[in-house]
Amino acid sequence: MAAFENVRSVDNLIIVSGQLPIDEQGKTDKAGSYHNQALESLREIEKVALKEGLNKNNIVKTTLFLTDINKLSEVNDAYNEFFDERKPARSALQVVALAQGVSVEIDAILKKD
């Protein structure tokens, strides 16, 4: 049994636990750049949004975990590439390590319209 729920719905919010970068083959991407890992993690959040009948514009808040905060500009580029003009509020934290040896993990809060 898992120690947590990957997605939790509370009232008009969808809380998405930290999403790891998953490549096109469905494998965890440990070797990709911070930019690519951020895009892959954001795409995983978008998949959750789509399953809930939402889209990336419903993402209102993210928390970004990085193993090297000096790579934040690469991740910012990924955010600018992924999101249109409507970007979520965001916190960014440097951590010592992340699950499965990745460099980026992102959790999110989505709001149902």
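**Fold and strand pairing of the predicted chain**

Read along the sequence, the chain of this predicted model follows the pattern β-β-α-β-α-β-β. Its radius of gyration is 13 Å, close to the 13 Å that the globule rule gives for 113 residues, so the chain is as compact as a globular protein of that length. The secondary structure comprises two helices and five strands. Along the principal axes, the C-alpha trace spans about 40 × 35 × 25 Å.

Strand 5 takes part in two antiparallel pairings. With strand 3 (residues 59-66), strand 5 is paired in the antiparallel sense over seven bridges; within this pairing, I59 stands opposite L110 of strand 5. Strand 2 (residues 13-19) also runs antiparallel to strand 5 (residues 104-111), and five bridges join these two elements. Here the bridge partner of Q19 is I106 in strand 5.

The contact pattern was examined next. Among contacts between residues at least 6 apart in sequence, 76% join residues at least 24 apart.

Notes. Residues numbered from 1 in each chain as written. Predicted model: local features only at pLDDT ≥ 70, side-chain atom pairs only at ≥ 80, totals over all residues. Heavy atoms only, no water. Pairing = 2+ DSSP bridges. Helix = DSSP H or I, 4+ residues; strand = E, 2+ residues; numbered from the N terminus. Rg over C-alpha atoms; globule rule 2.2 N^0.38 Å. Contact = heavy atoms within 4.5 Å.
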